[in-house]
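Hello,

Here is the structure I said I would pass on, with my notes below it. Please read them with the coordinates open.

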Amino acid sequence: MDGSPTDRVAAAVRARIEAGDLRPGDRAPSVRALVAEHGVAMSTAARALTRLREEGVLHTTARVGSVVAGPAGHPGPVPPPDTDRLVRTAIGIADDEGLAALSMRRLAGAFGVPTMSLYRLVRSRDELLLAMLEAAFAELVLPPADGPWRARLEGAVHAQWRVHRRHPWLARVLSLSRPQALPSLLRFAEFELAALEEVVADPVERFDLHLALTGFVRGMALTLAAEQEAQADTGVDADTWADHDPGLRTALRRHGGPALRRIGDHPYDLQRVLDTGIARFLDGIS
């Protein structure tokens with residue numbers, strides 16, 4: 001098939017629609033699905049979907065994402081956005097295509113309204129990001145507050161991790177040095193601090209531990225997001241890359257000491273790394 005990678009991916013989606021594999025109202029393949037299927041970069045897959053939306057082949061629906069348009073590219077009327085639908089649609093775009101793909105212009109196109117009309121609902125993109133952060137962390141399900149302190153902290157950490165896995169962009173928006181005073185974040189901090197009160201007397205140390213624990217999970221989430229992007233761009237997971245990257249192998253032979261060599265082939269598993277780190281962290285508190 002001739003044309004650029006973007007042309008080829010867009011043509012493949014059109015072919016599926018023409019063949020009846022994708023019908024009006026069906027959700028279109030996500031950016032990550034197109035990357036896996038066609039072996040292209042995330043930016044290429046995102047451009048292909050943008051082109052199909054501009055052509056009227058796809059349209060964006062709140063809470064769903066890109067869906068196949070109806071006959072002659074007419075999806076039917078899209079209800080005007082309210083703040084909740086705006087935020088949920090923005091989260092869907094960021095989840096599917098990354099934070100860089102999110103813009104007020106893109107959101108306006110999803111609803112078929114002028115870009116400036118969205119500023120009735122949010123004053124700026126930064127305000128939109130704060131609303132997205134609040135909505136994402138509001139999904140966090142904390143464990144019962146009457147259990148042992150360690151079980152409560154472990155449950156809170158894993159609940160936070162699940163939200164980060166669901167929304168890979170979240171770690172880039174969350175700040176620990178200039179914390180956002182949002183209800184869901186304050187609820188989370190209160191939960192962890194209440195558990196720590198049972199074992200740590202000094203309030204400064206308690207808050208330091210809360211920040212360290214939250215920062216560890218956020219750092220792991222940033223690693224997860226970067227690895228997901230790298231895997232989507234290359235089609236190669238971290239283990240495969242480590243096994244076949246000649247530069248890494250050469251550097252280990254030349255500069256790696258005996259402790260590194262004794263590690264052998266490390267089975268990369270970010271979930272296991274997180275669990276190990278949290279267990280050792282909490283061991284140090286008790």
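This is a predicted model: local features need pLDDT of at least 70, side-chain atom pairs count only at pLDDT 80 or more; totals for chains, interfaces and linings use all residues.

M132 belongs to the largest nonpolar core, which has 36 residues; together with L102, L107, L128 and W169, M132 touches the most other members. The elements that give two or more residues to this core are α4 (83-97), α5 (104-111), α6 (125-137), α7 (149-166), α8 (170-173) and α9 (183-196). With 7 residues, α6 gives the most. Another core, of 19 residues, lies apart from this one, and L213, M220, L282 and I285 are among its residues.

How do α4 and α6 pack? Their axes are 9 Å apart, at an angle of about 85°. Angles of 65 to 115 degrees count as roughly perpendicular, so α4 and α6 are roughly perpendicular to each other. On the α4 side the contact is made by L86, V87, R88, A90, I91 and A94, which meet L128, A131, M132, A135 and A136 in α6. By type, the residues of this contact are 10 nonpolar, no polar and 1 charged.

Elsewhere, helix α2 (residues 31-38) has V31, L34 and V35 as its buried residues. These three are on the same side of α2 because they cover an arc of only 105° around the axis. Just after α2 comes G39, with a positive phi of about 65°.

Regards

Key: Residues are numbered from 1 along each chain as its sequence is written. Side-chain values use heavy atoms; hydrogens and water are left out. A nonpolar core is a set of buried Ala, Val, Leu, Ile, Met, Phe, Trp, Tyr and Cys residues joined through side-chain atoms within 4.5 Å. Buried means under 20% relative accessible area, exposed over 50%, partly exposed in between (1.4 Å probe, protein chains only). Helices (H or I, at least four residues) and strands (E, at least two) are DSSP runs, numbered from the N terminus. The arc is that of the directions from the helix axis to the C-beta atoms. Axes are lines fitted to C-alpha atoms, for helices over the stretch in contact, and angles run from 0 to 180 degrees between N-to-C directions. Angles under 35 degrees count as roughly parallel, over 145 as roughly antiparallel, 65 to 115 as roughly perpendicular and the rest as oblique. Contact means heavy atoms within 4.5 Å. Ala, Val, Leu, Ile, Met, Phe, Trp, Tyr, Cys and Pro count as nonpolar, Asp, Glu, Lys and Arg as charged, and the others, Gly among them, as polar.
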